[in-house]
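Thanks for coming, everyone. I'd like to walk through charged side chains today. Here is the model.

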Amino acid sequence: MQVALALVLASSMLVGLAAGGNFYEECDATWEPQNCWAYDDGNRLSLALVSNSSGSMIRSKRQFIYGTVSTMIQLVPGDSAGTVTTYYTSSLGDNHDEIDFEFLGNETGQPYTIHTNVYAAGVGNKEMQFKPWFDPTAGYHNYTISWTPCMVVWYVDGAPIRVFRNYAASHGVAFPTTQPMRAYSSIWAAEDWATQGGRVKADWSKAPFVASYGGIDLDVCECDGGGGGGGGGGCVAACAGAFGDWGRYCRLSDTQVGKMRWVQSNYRIYDYCVDPKRWINGQTPVECGLAQY
């Protein structure tokens, strides 16, 4: 069964998944723009980490409540220890919402760690990590975040790897619902924790470390929340309505569930739900005992 499912996953990779948006049109460079360059008429982009304090970041020009953001990434090849490449969505302010993909580099020959997390009202601590079932440095792979009123789903090459459902009303589990977000990508140094718990540092003789991106697609409900972290008035309710179709936005197909179970059974390496050291007052987080798909 696992072999058959692996073949299904492999056959789906990079088929009809190209993210085709233009970086010139969709994004601004907001940190160390000299380390960011677009080419191929804005259809491709590279971000470079040149020193411990000089990486780069881009963010989408559009703010939104709910939708799907997608890009193709080729991660830093070779010795990428001490580096973090990211693709995520986030609102502003101390009590921000955020949905993360972070790619933690490693020594040459050792696998990357795909790190996922979700924040609501400034509170995260919901990490789940995976090792890739492919070489993320050998070519471009698709990474997608789907955010709807009922769930967040992380996809890799079209395969869902994790679901976080909205249990705010029924069980009091915080979920991002009211703060407009933007999409971000960045590369930065995190030598104190990124690689093998901080044991392996970056080899700066190999800098610059370069991550490459191929297109960015934002299928989102635009919602301008202004300069702060607050909501965007009437568009919050309107966007919730636009993504409220249960059959379309609130469930995975049986095939998708099968793919996710295969990934989690074979490639998940960390889950906060089974790490008592991360629990508050020794209590299993409420959402960990609830269905996620």
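First, a term. Buried means under 20% relative accessible area, exposed means over 50%, and partly exposed lies in between (1.4 Å probe, protein chains only). Now the ground rules. This is a predicted model, where local features need pLDDT of at least 70, side-chain atom pairs count only at pLDDT 80 or more, and totals for chains, interfaces and linings use all residues. Residues are numbered from 1 along each chain as its sequence is written, and side-chain values use heavy atoms, with hydrogens and water left out.

Start with Glu 127. It counts as buried because its relative accessibility is 11%. Glu 127 forms a salt bridge with Arg 278, with the closest N and O atoms 3.1 Å apart. By salt bridge I mean a side-chain nitrogen of Lys or Arg within 4 Å of a carboxyl oxygen of Asp or Glu. This pair links distant parts of the chain, 151 residues apart. Glu 127 sits in the loop between strand 8 (113-119) and strand 9 (128-130), and Arg 278 in the segment after strand 15 (268-271). Strands here are DSSP runs of E, at least two residues; helices are runs of H or I, at least four; both are numbered from the N terminus. Arg 278 is partly exposed, at 32%.

How many salt bridges does the structure hold? Seven. Another one joins Glu 26 and Arg 62, at 2.8 Å, N to O. Glu 26 is in helix 2 (residues 23-26), and Arg 62 is in the loop between strand 4 (56-60) and strand 5 (64-74). Glu 26 is buried, at 15%. Glu 222 joins Glu 26 and Arg 62 in a network of salt bridges.

Now a contrast. Arg 165, in strand 12 (residues 159-165), is buried yet has no salt bridge. Which side chain of opposite charge is nearest to Arg 165? Asp 254, and it is 11 Å away. For charge, Lys and Arg count as positive, Asp and Glu as negative; His and the chain ends are not counted. The Arg 165 side chain does reach the backbone oxygen of Cys 250, at 2.6 Å.

Last, the annotation. An unreviewed UniProt entry lists Glu 98 and Glu 102 under "active site". UniProt positions follow the numbering used here, feature names are shortened, and annotations may be inferred rather than shown by experiment. Glu 98 is in strand 7 (residues 98-104), and Glu 102 is found in strand 7. Glu 98 counts as buried, at 13%. Glu 102 counts as buried, at 13%.

How values were computed
Polar contact = N/O pair within 3.5 Å; in protein donor to acceptor, adjacent residues only side chain to side chain.
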